[in-house]
Amino acid sequence: MLRPSLSLHGLGLIANSVLALLFLSLTPARAELTIEITGAGANRIPIAITDFGGDLASARALTSVVRGDLDRSGMFRMLDTSGISMTEKTSPVFDDWKNREADALAAGSVQAGSGGRLEARFQLYDIARQTPLGGEALTSSPNMLRAAGHRIADFIYEKLTGEPGVFSTRIAYVVKSGAARYELHIADADGQNAQAALVSREPIISPSWSPDGSRLVYVSFENKKPVIYAHSLVSGQRIVIANFKGSNSAPAWSPDGRRLAVTLSKEGGSQIFLINSDGSGAQRLGNSSSINTEPFFTPDGQTLYFTSDRGGSPQIYCNRLGSSDVQRITFEGNYNVSPRISPDGKTMAFITRREGSYRLAVMDLASRQVQVLTDSTKDESPSFAPNGRMILIATEVGGRGVLSAVSVDGRIKQRLSISAGDVREPAWGPYRR
Amino acid sequence: MKRFIIPTLLVLLMAGCSSTPDAEQDAAPVDSRSTSGGDVATVTANGVDSRRLPPELTDPRSILSRRSIYFDYDKFDIRPEYRDLVTAHAKFLTNNRQFRMLIQGNTDDRGSREYNLALGQKRADAIKKQLVLLGAREEQVESVSLGEEKPKNLGQNEAAWSENRRGDLLYSGEF
């Protein structure tokens, strides 16, 4: 299967690079996201990951996944370990690693186990304290080796930073290629292993993961109007959540997965409703005749944040469910939209318009302090990583849609782009169980 | 990474009431699915087929062939130049009660997709209100929004944006 870009790039390339042409012709139809780091944390932990021992090809693949994950997180500085051969069974010479300025060291191996499975083992050490920090033994089928690598990176990340890692999580996003091809993709958090969950000739927007990670809800325009579907990823089974007269949009799961907050226009205007996760029992919230949309639940499920133009410009408000009291949250500027609350409930990510540009901002909900995190022109659709450390957004670079992951302090920035099309509408999935 | 897609399974799901628990809602989609060997099955969404329309709705000499109403930036009121157009469509709907109309509101692409969907809804609602006022029946007309998703002009300048701030009128058979 040849990627369409072959015919576009082919002519110009023949003269100067046969290799590039060969590479293109071998690239599969579904191009993967490539990640580029554009910033790093202030105090990165120096860490040595030695080449895993055992079965050489698998070990090399596994080591590169672990290193890649930790490196891209912007939280670690990877030390050179070339020429050093050790496994989880080797006792480290702590003074040597201290001289190399390592704070932590991980070593491991991959061996062929029973039934064609692979067994990966590793051990993590604290160099300053000269103690092991623990390790794991994982068995994996050969095609799940990347997943084992993400598990190991998660373990190391959590031991050294005190927060769970998100390398084993998945992301969803929409790729638009050409005038009328939209694909809802599910990929690993490092952009690899992308699979299409939905292919359509009409737009797909606002994907949102069920809390258990088994389903996505989204808005599809395949019926010439916005309709909300819930889509089971493994089976591909879809049910209509909302296909009422008018528009159906902006679905957001309640944290318990039983209900969704949605925006319906069936009673005129755009109003927020609660609806059961099987599409039954739609119930309107509030009586404002203004625009009310983009609902988002707080982690305790008790409060909804949303966007409304009731004050004359789009601003973010919140409403405790069961109460008629609505509180305005944003005041700076005349365009503040797309509220998302962090998993710990303390921070709100949103999009703010500053000097004509749309930028990702965060608000500390206790102090109401706002920090604008980017200097882009077209940020959209923020989504927190399940550990709350990074925010995934859609933005535009050179007129093309890309995804960007930005740390909540704005220091670390990763850009995820796909050569074959426009990437947009990201949603970071929950921890995998 | 390997990505050879082998459709091992093709399931056609009949649209039925069973999957939509609410009578107020329309039916479920007809999907085709394939599995690619991974843990995500790929669904292909099917579009909608069009039917033939009477010539007075499509003849370029007929005012009823004009189906777009343009709006000013951040505005939702119908400009006076569209009064005759709206009146003609209201009259057609009054004289042809068997016809249904779908009004699709659109916006330019600046700002949030979901907020733009709400803005497009406001434009579609404004057109619907005028049509009903002039004789169309409430149940004949559905106003929906495509937000910024279906721009007529992909440019990033005021001329392009003004083409995208519009409501489109579609008759039964066109949606």
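Here are some questions and answers about this predicted model.

Me: In what order do the four strands of the open sheet in chain A sit?
Reply: The pairing in this sheet is antiparallel. Strand S23 (336-341) and strand S26 (370-372) are the edge strands, each pairing on one side only. The order is S23-S24-S25-S26.

Me: And what does the twist average from one strand to the next?
Reply: Take the four strands in their order, S23-S24-S25-S26 of chain A. Going from one strand to the next, the twist averages 25°.

Me: Is the crossing of H3(A) and H5(A) left-handed or right-handed, and how many residues of the contact are nonpolar?
Reply: H3(A) passes H5(A) in a right-handed crossing. The contact includes Leu62(A), Val65(A) and Val66(A) from H3(A), and Ile152(A), Ala153(A) and Ile156(A) are among those from H5(A). Three of the contact residues are polar and two are charged, while the nonpolar ones number eleven.

Me: How many residues of strand S19 of chain A are buried?
Reply: S19 takes in residues 292-297 of chain A and is mostly covered. To count as buried, a residue needs under 20% relative accessible area. Of the six residues in S19(A), the buried ones number five.

Me: Which residue takes a positive phi in the hairpin of S19(A) and S20(A)?
Reply: S19(A) and strand S20 (residues 303-308) run antiparallel, joined by four bridges. Within that pair, Thr293(A) stands opposite Thr307(A) in S20(A). The hairpin has five residues between the strands, and the one with a positive phi, near 75°, is Gly301(A).

Me: Is Asn43(A) buried or exposed?
Reply: Asn43(A) lies in the loop between strand S1 (34-37) and strand S2 (45-49) of chain A. Its C-alpha is 7.3 Å from that of Met75(A), which is 32 residues away in sequence. Exposed means over 50% relative accessible area. Asn43(A) has 72% relative accessibility, so Asn43(A) counts as exposed.

How values were computed: Residues numbered from 1 in each chain as written. Chains lettered and ligands numbered in written order. Predicted model: local features only at pLDDT ≥ 70, side-chain atom pairs only at ≥ 80, totals over all residues. Heavy atoms only, no water. Pairing = 2+ DSSP bridges. Helix = DSSP H or I, 4+ residues; strand = E, 2+ residues; numbered from the N terminus. Axes fitted to C-alpha atoms, helices over the stretch in contact; angles between N-to-C directions. Left-handed = near helix turned anticlockwise from the far one by under 90°. Contact = heavy atoms within 4.5 Å. Nonpolar A, V, L, I, M, F, W, Y, C, P; charged D, E, K, R; others polar. Buried < 20%, exposed > 50% of the residue type's maximum accessible area, 1.4 Å probe, protein only.
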